[in-house]
Amino acid sequence: MKQDLKVLAEHIEKKVGKAHVFFKMWDVLKGKEKPSRQTLDKLALLAGFQSWDDFQGALHGTEDGLVNYDAGEK
C-alpha cells in the first residue's frame, strides 16, 4: 500500500506540486502520528460542524446535528 501511495503522490506532484500531505496522512493511518487539533477542526468543518468537539458530541449522541444552527425563534 505504501508503494501505491508513493505512485499517487508522484502523479499529484506532476499535476499540482507538493504531495507531502499524503505521506503525513499515511503516518496518521499507520498510527505513527496523530492529527493536530487544527486538522481535526478542519475535518469537522467539512462535515458541517463548527469544531471537532461539536462533531464528536453529535457523533456520540450528546449533541444533535443542529448544534451549529441558530433556531431563529422569534
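Does Ser51 count as buried or exposed, and at what relative accessibility? Ser51 counts as buried because its relative accessibility is 17%, where buried means under 20% relative accessible area, exposed over 50% and partly exposed in between (1.4 Å probe, protein chains only). The model is a predicted one, in which local features need pLDDT of at least 70 and side-chain atom pairs count only at pLDDT 80 or more, while totals for chains, interfaces and linings use all residues. Residues are numbered from 1 along each chain as its sequence is written, and side-chain values use heavy atoms, with hydrogens and water left out.

The chain contains 4 helices and 0 strands, in the order α-α-α-α along the sequence; helices (H or I, at least four residues) and strands (E, at least two) are DSSP runs numbered from the N terminus. Of the 74 residues in the chain, 15% are buried. Among contacts (heavy atoms within 4.5 Å) between residues at least 6 apart in sequence, 5% join residues at least 24 apart.

Ser51 lies in the loop between α3 and α4 (52-59). Its side chain reaches the backbone nitrogen of Asp54 at 3.1 Å. Not counting residues up to four places away in sequence, Ser51 touches Asp41 and Ala44.

A pair of aromatic rings is described by the distance of the centres and the angle of the planes. Rings of Phe, Tyr and Trp (its six-membered ring) pair if their centres lie within 6.5 Å, and planes under 30 degrees apart count as stacked, over 60 as edge-to-face and the rest as tilted. The count by this rule is 2 aromatic pairs. Phe49 and Phe55 are edge-to-face, at 5.5 Å centre to centre with 65° between the planes. Trp52 and Phe55 are tilted, at 5.3 Å and 40°; both lie in helix α4, 3 residues apart, about one turn of the helix. Phe49 counts as buried, at 11% relative accessibility.

The largest pocket holds about 250 Å³ of space. A pocket is an open set of points on a 1 Å grid over the protein atoms alone, where a 1.4 Å probe fits, with protein on both sides within 12 Å along at least five of seven lines; lining residues have an atom within 4 Å of a point. The lining consists of Val21, Lys24, Met25, Val28, Leu29, Pro35, Thr39 and Leu43. Two or more lining residues come from each of α2 (20-29) and α3 (37-46), and α2 gives the largest share, 5 residues.

Notes
Grid points are joined across faces, edges and corners, and a volume is the space filled by probe spheres set on the points. A polar contact is a pair of N or O atoms within 3.5 Å; within protein, one must be able to donate a hydrogen and the other to accept it, and residues adjacent in sequence count only if both atoms are side-chain atoms.
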